[in-house]
Amino acid sequence: MTATDIRRTAGDISALADFGIEVPSWAYGNSGTRFKVFATAGVPRDPYEKIEDAAQVHRVTGAAPRVSLHIPWDRVDDFGKLAAYAADQGVSLGAINSNVFQDDDYKLGSLTNADPKIRAKAVAHHVECVDVMRATGSKDLKLWLPDGTNYAGQDSIRARQDRLADSLQKIYAELDDDHRLLIEYKFFEPYFYTTDIPDWGTSLLHCLALGEKAQVVLDTGHHAPGTNIEFIVAQLIRQGRLGAFDFNSRFYADDDLIVGSADPFQLFRIMHEIVRAGAHLPDSRVNFMLDQCHNIEPKIPGQIRSIMNVQEATAKALLVDGDALEAAQQSGDVLGAHAVLMDGYNTDVRPLLAELRESQGREADPIGAFARSGYLERIEHERVGGNQASWGA
Ligand code: PSV
Ligand code: MN
Ligand code: MN
């Protein structure tokens with residue numbers, strides 16, 4: 001079947017031309033597990049070089065126009081200069097991620113800590129992040145709260161929620177009108193008994209209490225095995241509170257593997273819910289981000305592959321015949337409805353995506369285009385002493 005045949009028999013993927021996926025600055029530095037960080041030649045030595053690498057992903061895919069920063073890993077003296085540098089490279093700065101998980105003061109909690117001085121310090125860090133947003137033009141402040149407890153009775157579950165609500169209100173009050181506070185959840189780790197924002201319900205309750213600028217972040221790796229993630233996606237869309245995704249894959253827990261590598265069908269099911277609701281369109285303001293670490297694979301190609309995997313899942317979702325699906329659903333045709341969905345999933349969309357890239361003046365194959373560019377050889381030669389992602393400059 002040629003690309004044209006596929007388009008005639010199904011929908012079309014033109015919406016993908018405007019579908020951007022945000023990449024994380026930390027994907028380009030060295031990373032690892034609690035056991036070992038493997039060093040990779042040519043990794044960035046500062047935030048400027050991370051942006052330069054991210055720009056290569058956008059250059060070959062045309063689909064990665066923004067880079068998320070992490071504070072303090074990406075702290076620089078002049079964030080306006082960093083934003084201008086990003087623009088020169090053809091990308092912009094996206095969400096600002098706060099960090100309350102690498103300071104001894106936060107051992108027993110940050111925004112939830114029983115000590116008001118430590119809570120104030122954690123709030124002040126977020127105020128600093130809002131200042132960074134003003135300098136970079138970023139609109140999203142992203143909070144993943146690591147707080148939790150390890151032992152029953154260690155602290156009051158309810159008191160911690162009250163402290164959290166109070167701290168979040170203080171942060172929310174700092175936002176400008178066009179800013180958003182994106183609140184991520186994760187079911188366990190680094191603590192193992194309670195987590196203060198363990199699930200979408202807790203995140204949503206805090207968002208509802210705060211106001212419309214507070215939205216939920218869904219990290220695909222942050223659920224118990226077997227959780228139906230597309231159900232959560234549909235529910236958050238209904239509430240108008242799906243602010244962002246952190247895409248990655250997992251086999252066990254928060255594995256942070258390349259999105260779509262472990263379970264491409266799950267990624268398709270998620271993108272199907274997105275596409276059916278029109279949440280892939282730019283004015284929906286869902287921020288599609290990656291949150292991954294490339295421990296053993298080359299980093300820039302790892303990011304390129306991730307972007308391609310999201311594009312492929314989205315293209316398949318766009319090809320699902322919506323009218324036929326609805327007709328089958330309305331008439332109770334269980335197998336017919338399932339078959340319509342699977343027709344989309346089973347379509348090989350790679351020729352269509354190759355055509356789309358060529359129509360944009362890019363090479364059909366982004367991985368090959370990057371390999372041929374000589375960029376990797378250059379940075380391996382030029383950059384000596386690159387940083388671990390989590391301890392970057
Ligand atoms: C930790 O689980 C984590 O992976 C969260 O998903 C954050 O989004 C990310 O780190 C960066 O802080
Ligand atoms: Mn995440
Ligand atoms: Mn995570």
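Which residues are around ligand 1? The views below start there. This is a predicted model, in which local features need pLDDT of at least 70 and side-chain atom pairs count only at pLDDT 80 or more, while totals for chains, interfaces and linings use all residues. Residues are numbered from 1 along each chain as its sequence is written, and chains are lettered from A and ligands numbered from 1 in the order in which they are written.

View 1. Around ligand 1 you will find Asn97, Trp144, Glu184, Lys186, Asp219, Asp246, Asp254 and Asp291; a residue is near a molecule if its C-beta atom, placed from the backbone, lies within 6 Å of it. This shell divides into 6 charged residues, 1 polar and 1 nonpolar. Here Asp, Glu, Lys and Arg count as charged, Ala, Val, Leu, Ile, Met, Phe, Trp, Tyr, Cys and Pro as nonpolar, and the others, Gly among them, as polar.

**View 2. Strand 3 and its two partners.** Of the 6 residues of strand 3 (residues 92-97), 5 are buried, so the strand is largely enclosed by the rest of the structure. Buried means that 20 or more other C-beta atoms lie within 10 Å of a residue's own, exposed means 12 or fewer, and partly exposed is in between, with C-beta atoms placed from the backbone. Helices (H or I, at least four residues) and strands (E, at least two) are DSSP runs, numbered from the N terminus. Strand 3 pairs in the parallel sense with strand 2 (residues 66-70) over 4 bridges and with strand 4 (residues 140-144) over 2 bridges; two strands pair if DSSP finds at least two bridges between them. Look for asparagine 97, which stands opposite histidine 70 and also opposite lysine 142 in strand 4.

**View 3. Strand 8 and its neighbours.** Strand 8 (residues 214-219) is mostly covered, with 6 of its 6 residues buried. It runs parallel to strand 6 (residues 180-184), joined by 4 bridges, and 4 bridges also join strand 8 to strand 9 (residues 242-247), again in parallel. Alanine 214 is the bridge partner of leucine 181, and aspartate 219 has aspartate 246 of strand 9 as its bridge partner.

**View 4. Isoleucine 183 in the core.** The largest nonpolar core has 95 residues, and Ile183 is among those with the most contacts inside it, along with Ala54, Val216 and Leu218. Such a core is a set of buried Ala, Val, Leu, Ile, Met, Phe, Trp, Tyr and Cys residues joined through C-beta atoms within 7 Å.
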